[in-house]
Amino acid sequence: MAEQKHTVEQKQQTKRPLRADSERTVRTILEAAEQVLAANPAASMEQIARAAGVARTTVHRRFATREALLDELTGWAARQFAEAVDTARPDAAPPLVALYQVTANVLRVKTDWSFAMNRTADDTHPEAARIHAEVRSTCARVFRRAQEAGVLRPDIDLDWTRRVYYALIHEAAKEGAGGGDTDVLATRVVDTLLRGTGGPAGLAGA
């Protein structure tokens, strides 16, 4: 009975939110991990600790293994991704405004957390996989609203459009990581998506 009580207490402690100072330490470690691993994916825990300005024991106290650190880094980036989409008010803002704001917000996350965001969000990380699935559903809703509002053509294939949009974001994020202006890149993505790249002569000759 005492052992069962101890197990329950452990689970309750696990669910408690981190104190403000502990949360800052974890964020500092994760930000350092992102920067170090983006430059060198094989970087050690010691290198990450040095970049974070903390002792290696501090990193190991928060993350027992390197894999645990990578797991939390993936989850953290996914949560930032979800927040970026939600902040754009995708279901309430006018479709064109929502499309631009989602694009700009997502590009900032993809640029700041490029290593973590490029990790595969599959069944090995259920939380990240769930978040990415929810974002895909949100994106589909935004595109349907855009189509209903006349922003997208009524005959357009929305699934194809979404995949093209994702590809544009991927390319823009790479440019953003190289120092490109996020707002300029977001405008370029939306403009390319809505207008394409063909000129009047191309359309006339079709």
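The model is predicted, so local features are reported only at pLDDT of at least 70 and side-chain atom pairs only at pLDDT 80 or more, while totals for chains, interfaces and linings use all residues. Residues are numbered from 1 along each chain as its sequence is written, and side-chain values use heavy atoms, with hydrogens and water left out.

**Aromatic rings**

Begin by selecting Trp76 and Trp113, whose ring centres are 6.4 Å apart. The structure holds 3 aromatic pairs; rings of Phe, Tyr and Trp (its six-membered ring) pair if their centres lie within 6.5 Å, and planes under 30 degrees apart count as stacked, over 60 as edge-to-face and the rest as tilted. The planes of Trp76 and Trp113 meet at 50 degrees, so this pair is tilted. Trp76 belongs to helix 5 (residues 66–87), whereas Trp113 sits in the loop between helix 6 (95–112) and helix 7 (114–117). Helices here are DSSP runs (H or I, at least four residues), numbered from the N terminus. Both Trp76 and Trp113 are buried, where buried means under 20% relative accessible area, exposed over 50%, and partly exposed in between (1.4 Å probe, protein chains only).

Next, select Tyr165 and Tyr166. Their ring centres are 6.3 Å apart and their planes stand at 45 degrees, so this pair too is tilted. Tyr165 is buried, at 3% relative accessible area, whereas Tyr166 is partly exposed, at 31%. Then show Arg162, which lies over the face of Tyr166 at 5.3 Å from the ring centre. A charge sits over a ring if NZ of Lys or CZ of Arg is within 6 Å of the ring centre and within 35 degrees of the ring normal.

**Salt bridges**

The structure holds 13 salt bridges, each a side-chain nitrogen of Lys or Arg within 4 Å of a carboxyl oxygen of Asp or Glu. Select Glu127 and Arg79, whose side chains form one of them (2.9 Å, N to O). Glu127 lies in helix 8 (residues 126–148) and Arg79 in helix 5, so the bridge ties together parts that are 48 residues apart in sequence. Glu127 is partly exposed, with a relative accessible area of 26%, and Arg79 is partly exposed, at 30%.

Move to helix 9 (residues 158–177) and select Asp159 and Arg163, which are 4 residues apart, or about one helical turn. Their side chains meet in a salt bridge (3.3 Å, N to O). Asp159 is partly exposed at 39% relative accessibility, and Arg163 is partly exposed at 45%.

In helix 10 (residues 182–195), select Asp191 and Arg195, also separated by 4 residues, about one helical turn. This salt bridge has an N to O distance of 2.5 Å. Arg195 is exposed, with a relative accessible area of 66%, whereas Asp191 is partly exposed at 35%. To close this part, show Glu72 together with Arg79 and Glu127: salt bridges that share partners join these three residues into one network.

Select Met117 in helix 7. Met117 counts as buried, at 8% relative accessibility. Contact means heavy atoms within 4.5 Å; leaving aside neighbours within four places in sequence, Met117 is in contact with Ala77, Phe81, Val109, Lys110 and His132. Gly75 is 42 residues from Met117 in sequence and 9.4 Å from Met117 in space, C-alpha to C-alpha.

Then select Thr161 in helix 9, which is buried at 6% relative accessibility. Not counting residues up to four places away in sequence, Thr161 touches Phe143, Ile156 and Leu193.

**The largest pocket**

Finish by selecting Phe81, Val106, Lys110, Tyr166 and Ile169, which lie nearest the centre of the largest pocket among its 21 lining residues. A pocket is an open set of points on a 1 Å grid over the protein atoms alone, where a 1.4 Å probe fits, with protein on both sides within 12 Å along at least five of seven lines; lining residues have an atom within 4 Å of a point. The volume of the largest pocket is about 380 Å³, taken as the space filled by probe spheres set on the points, which are joined across faces, edges and corners. Colour helix 5, helix 6, helix 8 and helix 9, the elements that give two or more residues to this lining. Helix 8 provides the largest share, 7 residues.
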